[in-house]
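Dear colleague,

I am passing on the structure that we spoke about, and I set out below what was found in it. Please read the notes with the model open beside them.

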Amino acid sequence: MLVKIYQSLLDIPAKQWDRVNVDGNPFTSYAFLSSLEESASIGNKTGWLPRYLVMHDNNGDLAGALPMYEKHHSWGEYVFDWAWANAWQQCGLAYYPKLIVAVPFSPVSGQRILIADGYAKEQVINGLHQAAIDFAKEASYSSLHYLFPTNDECSYLQQQGLQVRHDVQFHWDNRNYQGFQEFLSTMSSRKRKKIARERRRVSEQGIEFNVVSGQEISAVNMQNMYEFYLSTIMAHGSHAYLSSRFFQLLGQRMADNIVLIEAHYQGDIIAAALNIRHEDVLYGRYWGCNEEYHSLHFETCYYQAIDYCINNSLSRFEGGAQGEHKLSRGFLPSITCSAHWMADEKLSSAISDFLDREKAHVAHYQQLLDQRSPFKDDNENG
């Protein structure tokens, strides 16, 4: 087996990369990652430099890969380590550049150690991870971070000495609902009335919705979505990581994975939310509007997506990172994880102490959230 670092995914044939993306996850697909690179959303001057680590077999085929990046900041990761960077600086050390194994700008859990079928899994995993550690040491990176890996991967990485960090997201689960009203009927009276009121306010404003997916998606749809994405960025004073070209490439290459929910008022499009579908799971990614309407965000991003999941028998809807306000709208807390290796042993020990305390806090937070479930308890009938 030969391990190699590629500084561009475009140097790897698409079929070779996708043979290691065995579950067809859209976020680790060649189409998604290459669109980020070709659109200059990552790469030179973005602080996201591709360092794809791949393992070739004796025939030159890809046996495994890590979607790895050299980072010169911590933006767009959704696992926040600014305090760690400050600690390094206070000790006279440089935290950047660092290495991360992740999907850029995507707080979506999934395989991060990609392995093609037909190979000894343990051999490939060990080889890829050890090669990543060796590269980090040889190139004097401060650290190596696996962001949003699977629980099994987190367990493996913890066994290899990495420190595991926990966080909370909010996910909606489909309990075989036959319609939105049945979903509402499972909620407590107060939460049920709140959602019904929000939906009614949107309807009373004369706003209508349509879902665009697959071959229906046009360049105009994706340009509109990009402009709505920019409106959200500007409203929050954030940085626009993604370019117009990225949205166009996404529409061309991944139309079958895209579920675009558009809101219209008097014939004009006023808002949209872009979701990515993988098998029976829907992932909410970007949204925006050109004018504020009461409850429009909740309807476009959550309720329309829940409707879509119910109507298409999808099992789960992940609405993105953070967002405690999702709890009252039927999204329950779910633990996500990340795994971290630090080059400096003293700082690594300090991080370990911090993570032990943080894990206890996250576990307690989840317990508190569970107690605030929006769904009926056993004593409520109405």
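The lining of the second largest cavity is made up of 8 nonpolar, 2 polar and 2 charged residues, where Ala, Val, Leu, Ile, Met, Phe, Trp, Tyr, Cys and Pro count as nonpolar, Asp, Glu, Lys and Arg as charged, and the others, Gly among them, as polar. Among the residues that line this second cavity are Trp48, Glu77, Tyr78, Arg112 and Phe148, and its volume is about 40 Å³. Cavities and pockets were found on a 1 Å grid over the protein atoms alone: a cavity is a set of points where a 1.4 Å probe fits but cannot get out, a pocket is an open set with protein on both sides within 12 Å along at least five of seven lines, and lining residues have an atom within 4 Å of a point. Grid points are joined across faces, edges and corners, and a volume is the space filled by probe spheres set on the points.

This is a predicted model, in which local features need pLDDT of at least 70 and side-chain atom pairs count only at pLDDT 80 or more, whereas totals for chains, interfaces and linings use all residues. Residues are numbered from 1 along each chain as its sequence is written, and side-chain values use heavy atoms, with hydrogens and water left out.

The largest pocket holds about 1000 Å³ of space. Of its 36 lining residues, Tyr78, Thr232, His236, Arg285 and Ala321 are the closest to its centre, and H8, S12, S13 and helix H10 (296-311) each supply at least two residues of the lining.

The buried residues of H8 (under 20% relative accessible area, with exposed over 50% and partly exposed in between, for a 1.4 Å probe and protein chains only) include Met222, Tyr226, Tyr229 and Thr232. Seen down the axis of H8, the buried residues fall within an arc of 165 degrees, so they line one face of the helix, the arc being that of the directions from the helix axis to the C-beta atoms.

With best wishes

Key: Helices (H or I, at least four residues) and strands (E, at least two) are DSSP runs, numbered from the N terminus.
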